[in-house]
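Work through the exercises below with the sequence and the 3D structure at hand. Try each task before reading its solution.

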Amino acid sequence: MRFKSLCVAAAGAALLATAAVQPAAAQEEGQYIPLLVYKSGPYAPNGIPIATGWEDYLKLINERDGGVNGVKLVWEECDTGYNNDRGVECYERLKRPTAAGVQPLSTGITYALIDRATQDKIPLFTSGYGRTSAAYGPVFPYVFSAPLTYWSGADVIVQYIKEQEGGSLDGKKIALVYHDSAYGKEPIPTLERLAEEEGFELFLFPVAHPGLEQKATWLQIGRQVRPDYVAMWGWGVMNSTAVKEAAAVGFPMDRFIGIWWSGSEPDVVPAGADANGYKALSFHAPGEDYPVLQDVVEHVYGGDVEAARENAWGQVLYNRGIFLMAMQVEAIRRAQEIHGEGQVLTGEQIRDGWESLELTEDDLAALGMAGFTKPVKITCEDHEGGGQAFVQQWDGESWNIVSDWYMPNREPLKAAYREDALAYAAEKGITPRECN
Amino acid sequence: MNLRTIAIWAVSVPLVIAALGFFHQALAAAGWIAFFTWPFYFEVILNGLLQGVMYSLVALGFVLIFKASGIFNFAQGSLVLFAALTMVGLIEMGLPWPLAFVATAVVMVGVAIAVERVVLRPLVNQPHIILFMATIGIFYFMDGFGQTLWGSDVKVLDIGIPKDPIFILGGVFEGGLLVQSFDVIAALCGALLVAVLAVFFQYTRIGRALRAVADDHQAALSVGIPLKTIWAIVWSVAGIVALVAGIMWGGKLGVQFTLALIALKALPVLILGGFTSIPGAIIGGLIIGAGEQVAENFVGAAIGGAIQDWFAYMLAMVFLLFRPQGLFGEKIIERV
């Protein structure tokens, strides 16, 4: 073997050795949390701040509290690229019996993982995304969608528009611009039902992935259909492109309302001044003035607020990462109350924590989240937990809360969850659990 | 393109547009599509043509490299992204945009020379498929390298091009036809770029050498034209074309990872216009742009919507059935 070949072989062996050693860090004693992130690919600008929020919250719990009742949190991440097959591959690579739960961060990946995670007894936390009817616990024991589902989001948007229009939507036109995928199609049944009940006309505009091409969509909206309001279910580049195209046809921004995945800084900053006035839903507050975020600066960034801001601290998607991981950590804490404090638990045990997770206003205040979000109460039957949402508006500099919190009208929604979930159970041959 | 061809196009294009309009009007009358109005139809056509120029800007880069080397450069989209990222990065570092433009052009020339030295030169005389595979490698490298260098954040590229909606032909159509000022300026830039390229190819020594290499590598080498230098020049020109496309697309959508994917929009343009023709890239872009906008706006809703991406390819495939070399591509004649 020549010297050059020997060097190449040695370098390769060193790389392999490094790769082999890395997972061992995650296997050290502690409660293991696999992280499905996307820090590469077209959706990276949205995926990175959420993943940073997750990791910073985990570091905060370890640094400030010494873990959950003394059990350190350990994690390992895998980059899905927001790609379904890579998502499944990552899940298979990271899954272990002590995996506390997985947040797929993608509706497509969620659909691909529901059966697998249920079989592996690993909770799936799909907060504000995923399969909506999975909120019905008897059929989906391992899927948790708190605090809201897409159907709830659609209901809140219609409630908000109705309020803006003085209490009646009769004869109004509402358009839905949506990502032409499982995610984007989720709100359609609810909007169709509400259109019938409230008397408005619904227009649907699918946008093909990744959403760079929307000129035709907005020509129709701005020049032909001329709806009173536009709702959007977009993600990644589709959002900023929609905002720009809406401005280009002169559609008023304050009548354009996105779902919570269409309302963050990467969605509006590229559109510049065109985005001023654009609105979106959210289920947690934007901004920096919350004790939990101040604790992150103190314990994770050593008090260096500028370093934190460089990592999107205080931005919408970073704060979402904090919120999502706080929910997951509290489910672990609750599971420890049931199965033994200070112990490393299995995914199956942590599922019990999820099913009895209740966060009251006092609990949220204790977590440094007073005013940051609203209480949730998850039960065996209700995996959505009764969360609420509000409308925020972009002013060119930051997102500002411009409405009260809205409670979705859950009675018809729950009936719809149940109906859809039971149809799924019949198709898959699942016998729904009894919840007493 | 001679005068006769131009005359044929000048007569046939309005006829085709009118015929297409009457066709959609008939579809609407039969209830097969939801609506049709002539003002909206012309608005869609106009906006589609402007969109088509944007596609042509990307397609031009492909054509340049294919003409000179017979390589389908899969990496052109990533060159667009890399150029835009570099320009934004330099502007963020405090450079005024004209200076950043020049500096980025220099960087793109550097990239071109590196590609020629590191990738193309070792592969001289290899089959075209090998060179094509190499450009796939360049695509992924440039994507990753660009992100490593400049980050994954969505960046704003604003060089002061107005973006306000404007209304034209108000006297002809009630309320006028809406176009975006940004699209109009982009179209003018595209036209200017094509004019510069045409002069470069027709009237400069290097341009003539490029055409000679495009016609026959061996013959060009035998008369002393340095193939490697020509390749470096062609990749440099393609890099600068990518920079212009990057500024236009980045200014429109923001500079982000997905910009590299707009190369996929150039493919039907190339299939339709021909891989070796600069006018083909322009006219192909216009046909694809207008065709997909008309399809999406009038037919899309009737068949589920979001059809413009695949419709562009379908339109190109239909053209392929009748002209396999594309509208302006060179006819392939192989003697056995």
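**Exercise 1: Salt bridges**

A:Lys215 and B:Asp183 form a salt bridge, with their closest N and O atoms 2.4 Å apart. A salt bridge here is a side-chain nitrogen of Lys or Arg within 4 Å of a carboxyl oxygen of Asp or Glu. The model is predicted: local features need pLDDT of at least 70 and side-chain atom pairs count only at pLDDT 80 or more, while totals for chains, interfaces and linings use all residues. Side-chain values use heavy atoms, without hydrogens and water, residues are numbered from 1 along each chain as its sequence is written, and chains are lettered from A and ligands numbered from 1 in the order in which they are written.

Task: How many salt bridges does the rule find across the interface of chain B and chain A, and how many does the structure hold over all chains?

Solution. 
- Step 1. Across the interface of chain B and chain A there are 3 salt bridges.
- Step 2. Over all chains, the structure holds 36 salt bridges.
- Step 3. Another pair is A:Lys39 with A:Glu55, whose closest N and O atoms are 3.3 Å apart. The pair ties together parts 16 residues apart in sequence, because A:Lys39 lies in the loop between β1 (31–37) and α2 (44–65) of chain A and A:Glu55 in helix α2 of chain A. Helices (H or I, at least four residues) and strands (E, at least two) are DSSP runs, numbered from the N terminus.

**Exercise 2: The interface**

Task: What area do chain B and chain A bury between them?

Solution. 
- Step 1. Buried area is the accessible area (1.4 Å probe) that two parts lose on being put together, summed over both.
- Step 2. For chain B and chain A this is about 2,900 Å², with 59% of it on carbon and sulfur atoms.
- Step 3. Contact means heavy atoms within 4.5 Å. Chain B gives 40 residues to the contact and chain A gives 33 residues.

**Exercise 3: Helices across the interface**

Task: At what angle do the axes of α8 of chain A and α2 of chain B cross?

Solution. 
- Step 1. Axes are lines fitted to C-alpha atoms, for helices over the stretch in contact, and angles run from 0 to 180 degrees between N-to-C directions.
- Step 2. Helix α8 (residues 215–225) of chain A and helix α2 (residues 38–69) of chain B have axes that come within 11 Å and cross at roughly 150 degrees.
- Step 3. Angles under 35 degrees count as roughly parallel, over 145 as roughly antiparallel, 65 to 115 as roughly perpendicular and the rest as oblique. Therefore α8(A) and α2(B) are roughly antiparallel to each other.
- Step 4. From α8(A), A:Lys215, A:Leu219, A:Gln220, A:Arg223 and A:Gln224 make the contact, and from α2(B), B:Phe40, B:Glu43, B:Val44, B:Asn47 and B:Gln51.

**Exercise 4: Helices within chain B**

Task: Are α7(B) and α9(B) roughly parallel or roughly perpendicular?

Solution. 
- Step 1. Helix α7 (residues 205–215) and helix α9 (residues 227–253), both of chain B, pack at about 110 degrees with axes 10 Å apart.
- Step 2. That angle makes α7(B) roughly perpendicular to α9(B).
- Step 3. B:Ile206, B:Ala209, B:Leu210 and B:Val213 of α7(B) meet B:Leu227, B:Ile230, B:Ile233 and B:Val234 of α9(B).
- Step 4. For comparison, α2(B) and α9(B) pack at about 170 degrees, their axes 9 Å apart. These two helices, α2(B) and α9(B), are therefore roughly antiparallel.

**Exercise 5: Backbone**

Task: Which residues are joined by a cis peptide bond with omega of about 10 degrees?

Solution. 
- Step 1. Most residues other than glycine have a negative phi, and most peptide bonds are trans.
- Step 2. The cis bond with omega of about 10 degrees joins A:Ala146 and A:Pro147. A:Pro147 lies in the loop between β4 (143–144) and α5 (150–164) of chain A.
- Step 3. A:Lys121 has a positive phi, near 60 degrees.
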